Structure formats: structure tokens, C-alpha cells
Amino acid sequence: MSSAFDLGLGVLDHPLVDSEGRRCGKVDDLELEGVRDGNPRVAAILTGPSAWSGRGRIGRVLAAVVRGRLVRIPWSEVDGLDSAVHLRKTAKELGLGRGDDRAAKLVERIPGSSL
Amino acid sequence: VKSVFSIALGILAAIGGFVDIGDIVFNVAAGATFGYQLLWAVVVGVGGIITYAEMCGRVAAVSGAAVFDAVRERLGFGVGLIALVAAELVNLLTIAAEIGGVAIVLQLLSGLPYRLLLVLAVLALALVLWLMPFQWIERVFGYCGLALLVFAVAAIKLHPDWGAVAHGFVPSTGSGNGWVYAYFVVGLVGAAMIPYEVYFYSSGAVEEQWTAKDLGVNRANVLVGYSLGGVLSFALMISAGALLLPQGIQAELLGTVALVAEAPLGQIGLILALVGALAAISGAAIDSSFSGAYSIAQFFGWEWGKYRHNSGAPRFTLAWMVMLVLGFLIVVTGVDPILVTELSVIFSVVALPLTYVPILLVANDRAYMGRYANGRFANLAGGFYLLVVFVIAVAAVPLLLLSNMGQG
């Protein structure tokens, strides 16, 4: 162990940025493994509305109402950490940013949308 | 490397962009009711916005995180969501007030019916938001807002009792109705510290891709820009105090505000006042619409930013459109925009602690900020203003009721 790292402050709720610099979600929850055998580590990042269910009462209610997706990103896909979590692949490859993709189809119908 | 010239241009825009309908309404009403006695409250408010905007700008430059990134990281999903909802509700009131204000000024300029002008105003604002690049928006409205400096000339021409003006910078309990006085203190501090300004400022810093190299620009922008913006507030209060108070005129309409410049300076004063108010309030309508979109996009991790074209940050684009439409729907009911303005300022005060606490925490986090974390002075000022914000947040709604919305 080098120095202590606070997952709650340093990773949870931070933005996800894909390999092309696109913002594609938040670290809505974390999946840990090896907690029982005394060697805990982060297995995956959970993102998407369904992941809110692990975030207290408000999260549970909202997750039930929105009923969106849950995307699991194995920790091995993480390229680096600063104020954001940088991913090795593009949002598309990881199945992220679909809400923006859908909204883009709508916005693109308005003239001048590429300005 | 940015030239001194471009830094100066940025500061000029910040001065013109400081004043919005909340500042105009509260400063003129305070001047008309209490003369110069409340000038100190503007100083307190300006100090607060300088303190927190500097922190937000620094966090954005060093880490790339904007305000609602920090809010969610520090408050977590649940409490963060409460902060978001509170911020958006207040923001909506602000947008409604600004759209209403734009329509009133247009009405004073053109004489056309108010509701028609509301429609025209919201369409024009949407067009500007859709078409204009980020820097242009900031600059054009900021520069035209400088026409409000006509109130500084008006203040001098009205020959106020400068001794009394100087006295107004010393905090006092004031004479007259105590509840109304306290209500104006909260309103003036709240109007200066209105939260959409820091959301917009920090997001703008991320949009312009500031780095630690821009920290000097950040400091110059907030210190000089907001201080001189405060001078505009002083000018509004002083000229209202010199003209309206002796004649017992209550400043309930924006028309009264224009009168304050017209009386000493004639037609040209009137026109400059209206043009300045139009630019400042339109700019604020745009900033607050963007702020609402920035906040929700940052909270949920959507792509955001005006620097991407409209379809490059589509949910962000839809968000500001929805904000603008909802704000329009509030004022088109015919509710008095001045009433909405006062409510937006008072409720923004209630919501302030929810955004300032996480910012102070992040700005202190060395893991995040490294050697750019808050120094002793920033923490002293930050702590002081957190206290101020908590006190006025608790007092805001009771004072709204006890003072009968400042009517006494």
C-alpha cells in the first residue's frame, strides 16, 4: 500500500470521460470484490439510472421511477483518474452516452444545430 | 498567453454582466426607502461573490470540475439531488424574472403590449442562445450593460449629500421599519451573491479550458470585475436615494428606475438607462438559462458546453430550451415580474449554503487542488461568508413575511 485513497471522495460520483474526451456519465456506484477474504478492491464502475438504487432512499425511488439501464464497466477499462475517471474505450464501445445520442437525433432536426 | 488587452475586455464584460434585475430592483427600492443607509450591504454581498467566484474559478481551472460536479462529489447522490432541485427551482424563478424584466424594458422603449413583448423577448433570447458563440454572448451583453454607468453620472448630477453616502458604507441597524430594513439587507446581499452567477462563471472557466496558468486572470476578473459591478449597484442606490426618497416615490416599477436617470440627464439619460438595463437583464436571462442547463448536465454526467455545437451536447441544449420555456410560462401568466424577482432573490438565499459548502470543501481538498488549495485568507473569507449565508438563509423567509415583502 502506498498511501490511503478515499474511494468515496475520489471516485464515487465523479464524471466519466471516454477515450475521445466525451463526457459519458457519472460513477453512480462501485462494485467491490474480495471484501470477505480481506483483500477488497474495486471490480467495476456501475453507471446509469438503475445504479442509483444503491444510493440511499432518494436514489432508490428515482431508480424505480426512471427504470433506466445499468452499465457495468470493469475497472480494467479505467485509464486514469484526475477529477474525472478516464476510460480506455469510446463511449459507444462501452455502451455509454446513449441518452445524449438519442437527444442528438432530436436536436439535429433544428436548423443550425451544428453551429 | 493572454494579452493585457483581452484580460481587460473580459473584466469589462464582467462589470456589465454583474447587474441583473435582482440588483436593479433591490438597489433602487433600498435607495427609495432608506436612502444611502444600506450601501454597506452591497459591499458585503460583493465581497461574498468575489470570495466564492474566485474559489469556483480556481477549482475549475485546476481540476476541470464545475460547481455541480463538486456538489455531487461532496454531497453524494441523494443530498446532491436535493441541492440540484433547489437550485433549479430558484433558477427558474430567476429566468422568469429576467424574461419579464426584458419585456418591461422593451415596453418602455416601444410602447407595445407586454405579453407580445414577452413572446418576442423569449424568441430573441432563444435565437441568441442557439446561434451565438459563448464568448460573444458574454462580451456583447456585458459591454452594452456598461451603459448602466449612466447611473453613476446621474448619481453625481443629483448632488447627493456625500457625507451621508459615506456614512452608508458603515454597517448600521438603520432608521425606519426594522423588519423592512433587515429584509433589504438580505435582498441586497442575496442579489449580489445570486447563485447562477457562480454556476455560470465556473462552467465558463471549464468551457474556456482554463488551466492553472489562468489563475491570475481568474483573480483579476472577480476582484476588478465584481468590485466595479458593485459600483453600478452603488450608483443605482445613491441616485434612487437622492431623487426618489425626498419625493416619497416608491420604486415599484422599472419605469421609476429609468426616471432616476432621466430626471438629471434628460432623454439621453433615459435611453442609456434603458439600453443598459435591456442588455444587463437579457444577459442575465441567458446566463441563468445556461446555468440551469449546466447544473443538471453536470449532476447527471451529460455532455455539456456551449463550445460544442448545439447537437454536440444535445441534452444540455434541450435543458436550456426547457428552462427558457418554463420561465416564459411563469411570467406569461401575468404574475408581476418584480414580485417574481424578489422571490427569486430571497429563495436563492435559502439555497445558497447547499452549493457553497461543497465548493469550500473541494477548494480545500489537497488531493484535488494540490498546491492551489485554499490558503488561510481564502478560508477565512470563505468561512465568514458561509456564516453570513447561513444566517441570511435562515432569516430570509421569516423576513419576507414580517416585512410584508419590504412594504412594511
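Reader: Which residues of chain B form a nonpolar patch on the surface, and how much accessible area do they have together?

Author: Keep in mind that this is a predicted model. In chain B, the nonpolar surface patch is formed by Leu223(B), Val224(B), Leu228(B) and Val231(B). Put together, their accessible area comes to about 280 Å².

Reader: Over in chain A, which helix gives the most to the positive patch?

Author: The patch of positive charge on the surface gathers Arg69(A), Lys92(A), Arg98(A), Arg102(A) and Lys105(A). One of them, Arg98(A), has its place in helix 4 of chain A, and is partly exposed with a relative accessible area of 44%. With three residues, the top giver is helix 4 (residues 98-107) of chain A.

Reader: In which sense do strand 1 and strand 2 of chain A pair, and what is the phi of Gly21(A) in the turn?

Author: Strand 1 covers residues 15-17 and strand 2 covers residues 23-26, and they pair over two bridges in the antiparallel sense. In one of the pairings, Pro15(A) has Lys26(A) as its bridge partner. The two strands make a hairpin with five residues between them, and Gly21(A) in the turn has a positive phi of about 85°.

Note on methods: Residues are numbered from 1 along each chain as its sequence is written. Chains are lettered from A and ligands numbered from 1 in the order in which they are written. This is a predicted model: local features need pLDDT of at least 70, side-chain atom pairs count only at pLDDT 80 or more; totals for chains, interfaces and linings use all residues. Side-chain values use heavy atoms; hydrogens and water are left out. Two strands pair if DSSP finds at least two bridges between them. Helices (H or I, at least four residues) and strands (E, at least two) are DSSP runs, numbered from the N terminus. Patches are made of residues with over 30% relative accessible area and no salt bridge: like charges are joined within 9 Å, nonpolar side chains (Val, Leu, Ile, Met, Phe, Trp, Tyr) within 5 Å. Accessible areas come from the Shrake-Rupley method with a 1.4 Å probe; for residues, only the protein chains shown count as cover. A salt bridge is a side-chain nitrogen of Lys or Arg within 4 Å of a carboxyl oxygen of Asp or Glu. Lys and Arg count as positive and Asp and Glu as negative; His and the chain ends are not counted. The place of a charge is taken as NZ of Lys, CZ of Arg, CG of Asp or CD of Glu. Buried means under 20% relative accessible area, exposed over 50%, partly exposed in between (1.4 Å probe, protein chains only).
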